[in-house]
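Welcome, and thanks for taking a look with me. Here are some notes to read alongside the model, point by point.

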Amino acid sequence: MPHAIALYSGGLDSSLAILTLLRLGVKVTAVHFITSFGCAVSSNDLVRQAQRYGFELLTEDVSEEFLGLVKRPLFGYGKNMNPCIDCKIMMLQRAGEVMRQRGADCVATGEVVGQRPMSQQRHIFNLMEKKTDLKGYILRPLSALLLPPTIVEQRGDIDRKRLYGFSGRSRKPQLALAEELGLLEYPAPAGGCLLTEPNYSGRLRELLGHDPNPSLRDIEMLRIGRHFRLPGGSKLIIGRNEQDNSRLRDFISEDTIVLETLEVKGPLCVITNRIVSEEDLLRSAHLCARYSDGRDKTSIPVAVRQGDHLRIVKANPFEGVGLQCLMIKN
Ligand code: SF4
């Protein structure tokens with residue numbers, strides 16, 4: 001029985017590629033890479049899909065290495081902060097290692113010729129083969145008929161005639177195939193990678209502009225709350241709701257500066273720097289008051305904590321054009 005190592009995001013295309021191979025009697029080991037930029041699929045859902053359809057699932061956390069690619073991609077960014085070519089090369093390389101370790105026959109992906117302007121073009125597929133040293137081993141079941149036969153097809157171990165020739169941006173053929181294969185659940189097309197989202201990319205670009213080497217913690221916090229860059233360079237994050245406040249709490253450590261209004265209900269606010277100028281601290285307190293239930297008052301006490309150190313600041317809810325200037329826009 002031929003054995004494929006499949007890149008698996010949990011989305012429509014990678015799921016269809018796997019189901020197509022399973023239908024042809026191929027043993028599939030799916031590899032799912034965890035980065036700080038994915039969001040659409042929970043690991044429980046992936047495990048459920050693997051059990052339901054009968055394939056092996058491996059997960060690997062590549063957050064650190066992936067962050068390196070995002071900071072300095074060799075092949076640049078797509079429309080937003082998505083370094084798709086570098087990303088695909090890295091994932092194919094990792095899957096290629098698994099293929100060699102397991103003695104498998106090919107690496108499979110859900111890529112479709114012409115679907116994405118940056119990474120899903122024939123000449124980019126050639127580049128990926130070259131960079132990964134996987135020439136003849138990368139099988140793309142959804143577009144195989146438009147591409148040269150891979151080694152496993154040439155050997156006749158996988159029946160090329162039963163693969164597909166999808167191309168372009170339309171999702172209609174994939175949706176029809178999903179119905180035929182009984183694939184009922186998958187995230188929305190193109191969902192899942194925060195780097196393709198303009199809003200998130202704007203925040204990331206701003207962060208890299210201030211700190212070319214942000215930590216994974218800084219990156220994780222980009223998806224929570226409202227963000228402000230203060231005149232002294234500090235970054236303030238303000239929870240928009242209870243869910244944000246609770247997620248922000250997970251990032252609080254001994255030396256994190258945390259602000260909360262007293263006497264009126266207000267958001268949880270976190271300054272991501274350890275050391276902050278007095279001016280930035282006071283502005284943060286004013287902004288904290290601005291987003292509280294006491295925004296109509298002239299003065300609100302705000303608790304500023306860092307570890308055991310507590311200070312109460314009288315804050316005036318911050319209003320006007322200054323607010324817009326400080327908010328990190330996308
Ligand atoms: S969209 Fe995101 S996960 Fe997909 S190839 Fe591009 S960078 Fe990688």
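**Notes on strands, domains and charged pairs**

1. Let's start with a pairing you can find by eye: I238 has C269 in strand 9 as its bridge partner. Please keep in mind throughout that this is a predicted model. The bridge belongs to an antiparallel pairing of strand 7 with strand 9 (residues 269-271), which runs over 3 bridges.

2. Strand 7 also has a partner in strand 6 (residues 226-229), and these two pair in the antiparallel sense over 4 bridges. Within this pairing, R229 stands opposite K235 of strand 7. The hairpin of strand 6 and strand 7 leaves 5 residues between the strands, and G233 there adopts a positive phi near 100°.

3. Are the two faces of strand 7 covered or open? Both are covered: strand 7 spans residues 235-238, with K235 and I237 buried on one side and L236 and I238 buried on the other.

4. Now follow the chain to D280, which sits in helix 11 (residues 278-290). Setting aside neighbours within four places in sequence, D280 touches L230, P231, G232, G233 and S234.

5. What does the side chain of D280 meet? It makes a polar contact with the side chain of S234, at 2.8 Å. D280 is buried but has no salt bridge, and R283, the nearest side chain of opposite charge, is 5.3 Å away.

6. Stepping back to the whole protein, the domain assignment gives domain 1 (3-193) and domain 2 (224-326). Taken over C-alpha atoms, the centres of domain 1 and domain 2 are 43 Å apart.

7. L74 counts as exposed because its relative accessible area is 68%, where the cut-off for exposed is over 50%. The C-alpha atoms of L74 and Y186 are separated by 31 Å, and the two residues are 112 apart along the chain.

8. How many salt bridges does a search of the whole structure find? The search finds 21. As background, side chains of opposite charge can pair when their charged atoms come close. The next points go through some examples.

9. D157 and R155 meet through their side chains in a salt bridge of 2.8 Å, N to O. D157 is partly exposed, at 36% relative accessible area, and R155 is partly exposed too, at 46%.

10. D244 and R240 also form a salt bridge, at 2.9 Å from N to O. Here D244 is buried, with a relative accessible area of 2%, whereas R240 is partly exposed at 45%.

11. R305 and E260 form another salt bridge, with their closest N and O atoms 3.8 Å apart. R305 belongs to strand 10 (residues 300-306) and E260 to strand 8 (residues 257-261), so this pair ties together parts that lie 45 residues apart in sequence. R305 is partly exposed, with a relative accessible area of 36%, and E260 is partly exposed at 24%.

12. Finally, have a look at a set of linked charges: D45, R48, R52 and E185 are joined in a network of salt bridges.

Note on methods: Residues are numbered from 1 along each chain as its sequence is written. This is a predicted model: local features need pLDDT of at least 70, side-chain atom pairs count only at pLDDT 80 or more; totals for chains, interfaces and linings use all residues. Side-chain values use heavy atoms; hydrogens and water are left out. Buried means under 20% relative accessible area, exposed over 50%, partly exposed in between (1.4 Å probe, protein chains only). Lys and Arg count as positive and Asp and Glu as negative; His and the chain ends are not counted. A salt bridge is a side-chain nitrogen of Lys or Arg within 4 Å of a carboxyl oxygen of Asp or Glu. A polar contact is a pair of N or O atoms within 3.5 Å; within protein, one must be able to donate a hydrogen and the other to accept it, and residues adjacent in sequence count only if both atoms are side-chain atoms. Contact means heavy atoms within 4.5 Å. Two strands pair if DSSP finds at least two bridges between them. Domain bounds come from an automatic or database domain assignment.
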